[in-house]
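Here is a short tour of a structure for you to follow in your own viewer. Have the sequence and the coordinates open side by side, and let's start with a single residue.

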Amino acid sequence: MQRKRKLVGVALGSGGMRGIAHIGVLQVLEEAGVPIDFVSGASVGAFVGAAYAAEMDLYALGAFASKLRKRDVLDAPDPLRGGVFSGKKFQNLCRLITDNRTFADTCVPFWCSAVDIRTGETRYLHEGSLFQAVRASIAIPGLLRPVSIDGTTYIDGGTVESVPVGILRENGADVVIGVDLSICAPYAPKRPNAYTVAFRSVDIMRAEIDRLKPFGADVLIRPDVSFMGRLVPHDAPKCIAVGRAAASEALPEIRRLLERQA
């Protein structure tokens, strides 16, 4: 009797433009023949995860990311509506990379995390419009305007849980691969401004949350994305390469887990 293979989930973490590294991770997993049965994402992880679930070619996605510029992602300032930027350009990008699909049209089950601003609870969006859910998940507090869906207002999914592992286990994943984009090593912005200070503060808070609330992934891939800013895209090819290198390093452990008998 043939042994049933293990089901694999991939949880893609938050991290702003550092999330371009997720593309390289997914490329290597696909090239190595690692099955991906479920995907979850927080913030930029939701953006890349949704593109994957909507069957966007990963190499085309990498080329697309390499062409992004500041003017493609940042709107004119709109500070009186819940965020410095309206997020309309991000929303248009979300619609484009998901091919305007719904969750029902994805090639693998996909969950997108976002935080209910009223209760502070994480919700895992799994129905309706993909692009709208992703836009809610990347609503960086104070920077991108929050998003309302069915009467609930959401902010960035990485606010509470930067790598959404648990939702994959709850839905049947035997092996969960997490991708963490947080910067562990101490550093300080060279020329501090409102954005760099805000993002560094988020890094510090998330590091403490992660310490108190471990991810629980079977394999945790941690690309060194310390060279990459959070808000403005630059050097995407290097970021993809870093993701590829980190995933390649993790392959032996992933294969060992998949081959081990239950």
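Aspartate 116 is buried (under 20% relative accessible area, against over 50% for exposed and in between for partly exposed, with a 1.4 Å probe and protein chains only), its own value being 3%. It belongs to strand β4, residues 110-116; strands here are DSSP runs of E with at least two residues, helices runs of H or I with at least four, numbered from the N terminus. Please keep in mind that this is a predicted model, where local features need pLDDT of at least 70, side-chain atom pairs count only at pLDDT 80 or more, and totals for chains, interfaces and linings use all residues. Residues are numbered from 1 along each chain as its sequence is written, and side-chain values use heavy atoms, with hydrogens and water left out.

| Residue | In contact with |
|---|---|
| Aspartate 116 | Glu121, Arg123, Thr152, Thr153 and Tyr154 |
| Isoleucine 221 | Val25, Ile177, Gly178, Val179, Asp180, Ala246, Ala247 and Ala250 |

Now for helix α9. Buried residues of α9 include Ala246, Ala247 and Ala250, and among the elements covering its buried residues are β1 (8-12), α1 (20-31) and β10 (219-221).

Terms used:
Contact means heavy atoms within 4.5 Å. Lists of a residue's contacts leave out its neighbours within four places in sequence.
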